[in-house]
Amino acid sequence: MTVEAVILAAGEGARMRSTLPKALHTVGGRAMLAHVIDAVNALKPAKIHVVVGHRGEQVKASLASDAPLNDKINWVTQKEQLGTGHAVMQALPAVDRAATLLLLYGDTPLISAATLQRLVAVADEDEGEGGLALLTATVPDPAGLGRIVRDRHGEVVRIVEEKDASDAQKQIRECNAGFIAAPAGVVETALAQLDNDNAQKEFYLTDIIAGASAAGVKIAACQPAAVEEILGVNTHADLARAERIFQAAQARRLLEQGVCLRDPARLDVRGRCEFGADCVVDVNVILEGEVVVGEGCRIGAGAVIRNSRIGAGSVIDANCVIDNAVVGARCQIGPFARLRPQAELDSEVHIGNFVEVKKSRIGRGSKANHLSYLGDSTLGRGVNIGAGVITCNYDGADKHHTRIGDDVFVGSNSQLVAPLAIGDGATIGAGSTITEDVAAEALAVGRARQKTVDGWTRPLKRRDGK
Ligand code: UD1
Ligand code: CA
């Protein structure tokens, strides 16, 4: 059976009180809509119709970079947001009538592929007859959700939205999770009968249940593997809850893989990360994008690591920010170090507190332990960068390169004015401003000589007040 999906993401998301379209708010660093697309994609659907409307162009543009399956996505525009049923209608002309349709909302980012798979399988069960399968869940607090109304035989006969529900119906705790699978023809017939005679004056998708039921379509209710999967995000409180559930799952996965998390509740993974064996991650660490950590690494409290690789046996001390950088094996970074894009450290490099490295390659065993800026530079092996050394890489118009050879010693508080080359084994005296190339093995000192003034006396404060 071919499956086509329709994902609804045209709503404004007014309850978010945000200018960002709701579908683009992120969970685990990824747009909610991208999560839904991911789950759907696991079913290998023939097509994914995504209905957009409110700031639709922004949703499309943002997803283009996020979802790896753009050729399958058919963008549909719902000009006016007249309800979820109306939104599905906009997609119907492009849907293959022989397909099984899977209908979803773009604000339920935690849904699993396995649950969707089961829903579609249930809809397909009746060999050609085509039943409608609906995902429901019994929740302790159903506020805001559509309620599942069953007849006295226990069959689902309709969904009533909370705003239209009687007091008795509001007591029902079985809710509409917001996922429907059915043959396209069944959906089409039921949609054709919708009206907007309800509290919100909208064409509710949920009303297709009553229509299909009245037409004798078999309605099967199935439940998600975990009730958290169906969380719909309407407010920032919902979004925060979704984030915590998502992060708990990330932490569980890492623990199962053998990563020692000092507190699984205090790690945030916003992307994909991989760890080698025997890594320890302290509290409040944030991992963003693609992060690869080799075996035996220690990541200190409060580290933020984005799109970077950390070599085996390295220690990232507390409060480091590592962004698009490569750290070699057995390095010692931080505390309070900042590695910016294109910082590439060979093995056994030490980068200490308040040292910033940008677009620089640092050779094996080199050290910059305190209060430095290394930008647009190449350092050889075994270099020692003293406290407060600055590569002056910018002349106000252009960036220039500093090349430092092997075993160079740069004394504290020196400024290296690029473009500049310092040969192997050279020494720079502390407090120097170096503007010219330094030959290998040479000593360069570029500072005023110390002068001692004989007979000088300190001024004294006058006592007469004048
Ligand atoms: C909806 C269901 C409710 C269910 C709940 C589950 C309806 C009428 N109600 O309520 O039964 O329990 O989800 O989370 O379907 N959208 C459009 N076009 C529109 C209106 C909405 O594309 O004209 C999209 C929204 O962007 C959103 C989704 O449809 O992604 C659901 O809309 P929302 O307003 O969040 O519905 P709920 O009130 O949550
Ligand atoms: Ca919703």
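Reader: Why is F354 called exposed in this predicted model?

Author: F354 has a relative accessible area of 51%. Exposed means over 50%. So F354 counts as exposed.

Reader: And why does F336 count as partly exposed?

Author: Its relative accessibility is 39%.

Reader: What makes F336 and F354 an aromatic pair that is stacked?

Author: Two values decide it. The rings of F336 and F354 lie 5.4 Å apart, centre to centre, and the limit for a pair is within 6.5 Å. Their planes are 15 degrees apart, and under 30 degrees counts as stacked. A search of the whole structure finds one aromatic pair.

Reader: Why does the pair tie together parts that are apart in sequence?

Author: F336 sits in the loop between β22 (332-333) and β23 (338-339), and F354 in the loop between β25 (350-353) and β26 (356-362), so the pair joins parts 18 residues apart in sequence.

Reader: How do you know that the charged end of K399 sits near enough to the ring of Y394 to be over it?

Author: The charged end of K399 is 5.2 Å from the ring centre of Y394. The distance limit is within 6 Å. K399 is listed as sitting over that ring.

Reader: What makes up the lining of the second largest pocket, by class?

Author: The pocket has a volume of about 730 Å³. Its lining has 12 nonpolar, five polar and nine charged residues. Helix α8 gives the most, with seven residues.

Conventions:
Residues are numbered from 1 along each chain as its sequence is written. Chains are lettered from A and ligands numbered from 1 in the order in which they are written. This is a predicted model: local features need pLDDT of at least 70, side-chain atom pairs count only at pLDDT 80 or more; totals for chains, interfaces and linings use all residues. Side-chain values use heavy atoms; hydrogens and water are left out. On a 1 Å grid over the protein atoms alone, a cavity is a set of points where a 1.4 Å probe fits but cannot get out, and a pocket is an open set with protein on both sides within 12 Å along at least five of seven lines; lining residues have an atom within 4 Å of a point. Grid points are joined across faces, edges and corners, and a volume is the space filled by probe spheres set on the points. Helices (H or I, at least four residues) and strands (E, at least two) are DSSP runs, numbered from the N terminus. Ala, Val, Leu, Ile, Met, Phe, Trp, Tyr, Cys and Pro count as nonpolar, Asp, Glu, Lys and Arg as charged, and the others, Gly among them, as polar. Rings of Phe, Tyr and Trp (its six-membered ring) pair if their centres lie within 6.5 Å; planes under 30 degrees apart count as stacked, over 60 as edge-to-face and the rest as tilted. Buried means under 20% relative accessible area, exposed over 50%, partly exposed in between (1.4 Å probe, protein chains only). A charge sits over a ring if NZ of Lys or CZ of Arg is within 6 Å of the ring centre and within 35 degrees of the ring normal.
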